[in-house]
Amino acid sequence: MLATAFEPCELPPQADALRQEIRQFLQEALKDYPRADRAHSWMGFSIAFTKALAERGWIGMTWPVEYGGGGQSALCRYVLAEELMAAGAPVLAHWTADRQSGPLILAYGTEAQKRHFLPPIVRGESYFCIGMSEPDSGSDLAAARTKAVRVEGGWRVSGTKLWTTNAHRCHYMITLVRTTPGSQRHEGLTQLIIPLHSEGVTVRPIRDLAGESHFNEVVFDEVFVPDDHLIGTEGQAWQQVMSELAFERSGPERYLSTVALLAELLRTVGPSPSAAVQAAIGNLVAHMVVLRQMSLSVAAQLDAHRDPALEAACVKELGTTLEQRMPELMHTLLDVQPSLQGDGDFARVLAYTMQVAPSFSLRGGTREILRGVIARGLGLR
């Protein structure tokens with residue numbers, strides 16, 4: 001039987017100084033940002049905030065300096081991500097590009113692609129989304145049916161991607177397509193960078209329970225994609241996608257998406273909560289501390305250019321379970337009616353979190369798919 005490799009990880013000495021710098025910046029940058037809005041966590045969108053981060057060199061901070069990056073370690077970026085999540089900062093504009101699209105281009109892209117796509121991301125001017133999931137396939141990415149047919153100078157793409165976060169605001173989608181006719185499952189898959197302003201692209205927002213439209217359906221109708229927008233090797237995208245998902249599934253956003261609710265609970269109960277509340281807070285914080293150590297371990301493995309797909313799936317699955325449990329637990333602890341128009345921040349944050357929590361086990365891979373990944377990685381299936 002195989003085993004996971006959650007090795008202890010210590011943050012580098014420069015992390016503490018960086019953390020203090022980030023906190024000072026956030027205190028000023030978010031001084032007028034409502035606490036209820038911080039519950040949106042990394043799904044909050046602000047071009048101005050993204051530009052402010054870019055000006056400080058905090059987008060693409062691990063990337064090579066020749067592409068505009070900061071050349072710092074993944075653990076320094078981890079500290080930044082952790083502080084942004086803890087503050088509920090509105091980072092969605094650049095989040096996907098910084099977290100996984102840029103690293104994917106760095107790992108598999110051509111030199112021309114790196115020089116073309118990465119610097120605008122670092123400047124906070126270019127936004128990416130991920131085209132993996134499709135109708136009737138859920139998180140079974142190997143069931144992709146969107147096809148790309150070879151034509152002179154490139155490809156013609158037809159098909160539909162679903163649950164695509166932020167597609168209605170993005171410039172590009174890195175899209176998983178089937179380029180080998182008749183291929184099945186993991187074979188014959190390729191990744192293309194598709195400009196979303198291309199002729200034949202239709203983006204349809206999907207409104208969720210909270211009344212927002214983060215998710216989208218994206219339809220490609222014979223969309224032309226030039227040859228130089230292919231990432232990596234034609235027909236060999238499965239391993240690329242798996243390495244990309246390690247970035248998506250393992251960060252602090254997988255256990256801090258609901259931290260605003262915990263913060264509001266602490267403000268509401270004050271310094272002398274009941275024994276039941278104390279026990280609940282202790283339990284939650286203990287789980288979060290363990291998840292943080294697991295997540296840090298994955299960050300260290302990514303920094304060492306390893307492929308912690310199994311460990312990342314564990315972080316995401318356990319983090320999702322905790323975050324989906326939190327709003328119901330909070331609701332039982334306090335006699336407060338959740339309401340988006342409530343009198344206090346706790347009621348509003350509770351209402352919002354209860355509405356969006358069901359999506360936590362969908363984004364980044366459903367619980368069922370992740371448990372299959374974990375079982376396979378442990379040699380259990």
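## The second largest pocket

Helix 6, helix 10 (309–333) and helix 12 (367–377) each give at least two residues to the lining of the second largest pocket. The model is a predicted one. This pocket has a volume of about 570 Å³.

In total, 23 residues line the second largest pocket. Nearest its centre lie H186, W238, M242, V373 and R376. By class, the lining has eleven nonpolar, five polar and seven charged residues.

## The largest pocket

The largest pocket holds about 710 Å³ of space. Its lining is made of 32 residues. A74, P103, F247, L302 and D303 are the closest to the centre.

Which elements give two or more residues to this lining? They are helix 3 (74–87), helix 4 (92–108), helix 6 (237–250) and helix 9 (275–303). Helix 4 gives the most, with eight residues. The lining divides into 14 nonpolar, ten polar and eight charged residues.

## A cavity between helices

How many cavities of 30 Å³ or more does a search of the whole structure find? The search finds one. The largest cavity has a volume of about 30 Å³.

The residues that line this cavity are R77, L80, A81, L84, H94, W95 and D98. Helix 3 and helix 4 are the elements that give two or more residues to the lining. Helix 3 gives the most, with four. Four of the lining residues are nonpolar, one is polar and two are charged.

Helix 2 spans residues 47–55, and its buried residues are F49, T50, L53 and A54. Why do they lie on the same side of helix 2? They cover an arc of only 145 degrees around the axis, and therefore share one side. An α-helix has 3.6 residues a turn, so residues three or four places apart point the same way.

The other side of helix 2 has exposed residues, A48 and E55. The buried residues are covered by elements that include helix 1 (14–29), helix 3, helix 4 and helix 5 (111–122). Just after helix 2 comes G57, with a positive phi of about 75 degrees.

## Salt bridges

Side chains of opposite charge can pair when their charged atoms come close. The structure holds 21 salt bridges. One of them joins the side chains of E82 and R19, at 3.1 Å from N to O. E82 lies in helix 3 and R19 in helix 1, so this pair ties together parts 63 residues apart in sequence. Are E82 and R19 buried or exposed? Both are buried.

E264 and R35 form another salt bridge, with their closest N and O atoms 3.1 Å apart. This pair links distant parts of the chain, 229 residues apart. E264 is in helix 8 (residues 259–269), while R35 is in the loop between helix 1 and helix 2. E264 counts as buried because its relative accessibility is 4%, under the 20% cut-off. R35 has a relative accessible area of 37%, so R35 is partly exposed.

Salt bridges with shared partners join R19, R23, E82, E83 and R292 into one network. K31 and E28 also meet through their side chains in a salt bridge, at 2.9 Å from N to O. K31 counts as exposed because its relative accessibility is 54%, over the 50% cut-off.

Technical notes
Residues are numbered from 1 along each chain as its sequence is written. This is a predicted model: local features need pLDDT of at least 70, side-chain atom pairs count only at pLDDT 80 or more; totals for chains, interfaces and linings use all residues. Side-chain values use heavy atoms; hydrogens and water are left out. On a 1 Å grid over the protein atoms alone, a cavity is a set of points where a 1.4 Å probe fits but cannot get out, and a pocket is an open set with protein on both sides within 12 Å along at least five of seven lines; lining residues have an atom within 4 Å of a point. Grid points are joined across faces, edges and corners, and a volume is the space filled by probe spheres set on the points. Ala, Val, Leu, Ile, Met, Phe, Trp, Tyr, Cys and Pro count as nonpolar, Asp, Glu, Lys and Arg as charged, and the others, Gly among them, as polar. Buried means under 20% relative accessible area, exposed over 50%, partly exposed in between (1.4 Å probe, protein chains only). The arc is that of the directions from the helix axis to the C-beta atoms. Contact means heavy atoms within 4.5 Å. A salt bridge is a side-chain nitrogen of Lys or Arg within 4 Å of a carboxyl oxygen of Asp or Glu.
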